[in-house]
Each structure stands twice: as C-alpha cells, then as structure tokens.
Amino acid sequence: MSQHDSVRAVEWHDNHLVLLDQRKLPHVEKYIQLFNAEDIAEAITNMVVRGAPAIGITAAYAMVLASRKAFNQYPQDWRKRLISDYEILLASRPTAVNLKWALKLMMREIDKVEDNNDPIGKLLAFAQAIHRDDIEANYRMGRLGSALISTTHGVITHCNTGSLATGGYGTALGVIRSAYADKRIEHVYADETRPWWQGSRLTAWELMKDQIPVHLLCDGAAAHLMQQKKASWAIVGSDRIAANGDVANKIGTYGLAITARYHEVGFMVVAPTSTIDMDTACGADIPIEERPQDEVLSVGGQRIATPQVEAFNPAFDVTPASLVSVLVTEKGVVFSPNAEKIAKLMAS
Ligand code: MRU
C-alpha cells in the first residue's frame with residue numbers, strides 16, 4: 001500500500017470472505033466472516049459493506065461461494081443451481097451498478113468453465129482480478145484527478161468514497177489522497193452525510209487514520225463554506241453514471257453540485273468505468289433506492305423525530321451531466337461530460 005492508504009474493508013481469506021462491519025465504525029473495528037451468498041446479500045442490503053465498487057467486489061466473491069455450494073451439492077447441473085443466489089445478490093441494492101456489472105462478469109466466467117471441472121480455483125482467481133483491477137483503477141484515477149488540482153487550501157467531499165467504499169484507496173477519496181500526497185491540497189471538508197453519517201463515521205475515520213487533515217461539516221454548511229472560499233473543488237464518487245453523463249450518487253450530491261456551480265467551484269466526479277452504465281440512457285432511468293424511514297427518524301437507535309411523523313428517505317439523487325465540470329475515470333478524464341464524450345471514452 002502507498003502513503004496515506006492503510007484501510008481494507010473486503011478481503012478473501014482461504015475459503016471465505018471477510019468484511020469490515022461498517023455499521024459499527026468508528027467506535028468498533030469488527031470483521032465478519034461470510035461463507036455463503038445469502039448471508040453476503042444480507043450484508044450488502046444492511047450496509048455491512050457499502051459503496052458501489054466495494055459492493056461489486058463483494059458480489060463477485062459471493063458468486064465464488066455460490067458456485068462452490070452448487071458444485072458440491074449438484075455437480076451435474078451446478079450452473080442452474082446457483083441462479084437463485086445470483087438473483088438474491090442482484091436485488092440486494094438497486095442503484096449501485098457495479099453490483100450488476102460484477103455479477104454479469106462472474107456469470108460470463110461461470111459459462112466458460114468446462115462442465116465437469118471444479119470451477120472454484122478459476123472463479124476465485126477471476127474475482128480476485130476484479131478486486132485488484134479496482135485498486136489499480138483507483139490509483140490511476142488518483143493521479144489523473146490530482147493533476148487537475150492547482151495548489152489550494154481546501155476541497156469538499158460527500159459520503160464515503162474511500163478504501164471502505166472500494167477495493168482500496170478510493171475514488172474521490174483516492175484523488176484526495178493523491179492530491180494531499182502531492183501537496184496540492186492542505187485540508188478536506190467532509191459532509192457528515194445524513195442520514196447514514198458516512199462522512200462522520202467513515203470518511204473522517206479513514207482520513208484521520210491516514211493522517212490527512214479533515215473537518216466535518218453538516219450537509220447544510222456546504223454553501224456557506226463555498227461562499228467563504230474555503231473549498232475550490234467539490235470531489236465526489238458515483239453509484240451509477242448514465243450514458244449521457246448524468247450521475248447518481250449519495251443523496252445530497254445534487255444540491256452540492258448546484259451550490260458548486262453557483263459559487264464557481266469545480267465539481268469533480270471520480271468513478272471507474274465499471275460505474276458507467278451504457279444500458280441506462282439518462283439519469284431519469286436510474287432506479288433510486290428508498291431506504292427505511294427509521295434511518296431518518298432515529299439516530300444511533302434512538303428516535304429523535306416527533307412521534308408519528310413519517311419520513312421520505314431516498315438514498316441517492318441524480319446530478320445532471322451539465323453540472324459536472326470533469327469526470328475522472330481510469331481510462332481518462334472527460335471535461336463537461338455528455339453522451340458523445342462518454343461513448344468515446346467507453347469505446348477507447
Ligand atoms: O449508500 P452507500 O453508502 O453505499 O452510498 C455510497 C455512495 O454514494 C458513494 O459515494 C458511491 O458509492 C461512490 S464511492 C466509491
């Protein structure tokens with residue numbers, strides 16, 4: 001691992017998957033061992049692991065476990081027997097397209113296995129390659145994104161896009177790690193990111209662990225921060241980018257993009273091409289996950305909202321491509337993304 005990069009949330013150990021339980025951070029660093037796809041799907045739905053690339057990598061390993069179970073029990077028709085696990089995994093979270101992307105890649109690999117051969121070794125190597133490629137893509141995006149930042153005091157970020165949300169290093173947080181190492185930024189402002197507190201609990205934890213100066217701010221303070229000229233870039237990740245460049249990301253990202261445009265602050269989206277969904281034409285076609293009301297009504301298991309009041313809890317929103325100054329991917333950088341430029345990038 002390089003400088004300012006010490007955390008890994010998803011790891012394969014011998015014959016099972018190990019996940020850092022992100023629901024317990026920052027106070028408890030607890031790792032969970034998982035041996036089957038059903039438990040992994042539940043872990044994805046319940047946010048033990050979260051962040052689009054990390055969810056995709058986790059699902060790839062889950063398909064190795066699903067294949068092992070199906071092959072051990074039904075060696076003659078194991079491929080058919082793993083379909084139910086595939087479907088449970090696919091439904092575990094709807095917006096992050098890396099999940100569908102990784103599952104499709106695994107299914108293609110499963111189709112290639114010779115009929116009577118034990119598939120596990122090959123499938124595990126394939127899932128590990130998906131994991132490794134993600135980390136490499138993050139390092140590359142880190143370099144490309146950092147090069148766009150001229151020396152500045154601060155940047156603002158939203159949600160958690162770091163090692164916890166990816167195979168390692170991070171997307172937006174990867175750019176921030178690189179830019180800090182390159183001495184291009186001095187300070188990070190992290191939105192606390194209601195209602196799940198990814199900024200307070202995860203981003204602040206990761207950055208402090210890796211000695212990168214960070215201040216938390218409540219989501220509503222971003223406009224004031226920009227008005228005070230304390231941030232010259234807003235840098236975020238994505239859960240799905242449509243073919244026209246519209247960006248789905250954690251709820252609150254759209255508001256941050258509008259605020260950034262008003263204050264002439266650059267708005268950088270950092271995502272591997274596995275997050276670009278060419279089958280989704282535009283942002284309006286992206287399914288937006290709605291999560292339990294209780295996440296808004298309660299904090300740390302304790303209800304704080306007025307009794308009987310109900311909550312609306314969309315987990316993501318869509319930022320139109322026209323508000324994105326630059327998209328950073330492992331294949332290159334796209335300024336003012338649109339359908340034509342995205343198609344060119346994906347064909348390269
Ligand atoms: O609900 P989460 O925590 O899974 O949402 C995560 C995000 O919105 C991240 O910003 C996104 O996955 C990009 S990070 C690599």
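Modeller: Rings of Phe, Tyr and Trp (its six-membered ring) are taken as a pair if their centres lie within 6.5 Å, with planes under 30 degrees apart counted as stacked, over 60 as edge-to-face and the rest as tilted. This is a predicted model, in which local features need pLDDT of at least 70 and side-chain atom pairs count only at pLDDT 80 or more, while totals for chains, interfaces and linings use all residues. Residues are numbered from 1 along each chain as its sequence is written, and side-chain values use heavy atoms, with hydrogens and water left out.

Biologist: By this rule, how many aromatic pairs are there?

Modeller: A pair of aromatic rings is described by the distance of the centres and the angle of the planes. Under the rule above, the count of aromatic pairs comes to three.

Biologist: Is the pair of Trp 12 and Tyr 61 stacked or edge-to-face?

Modeller: The ring centres of Trp 12 and Tyr 61 are 5.5 Å apart. Their planes stand at 20°, so the pair is stacked.

Biologist: How many residues apart in sequence are the parts that this pair ties together?

Modeller: Helices (H or I, at least four residues) and strands (E, at least two) are DSSP runs, numbered from the N terminus. Trp 12 lies in strand E1 (residues 10–13) and Tyr 61 in helix H2 (residues 52–73), so the parts tied together are apart in sequence by 49 residues.

Biologist: What is the angle between the planes of Phe 71 and Trp 78?

Modeller: Phe 71 and Trp 78 form an aromatic pair at 6.1 Å centre to centre. This pair is edge-to-face, with the angle between the planes being 80°.
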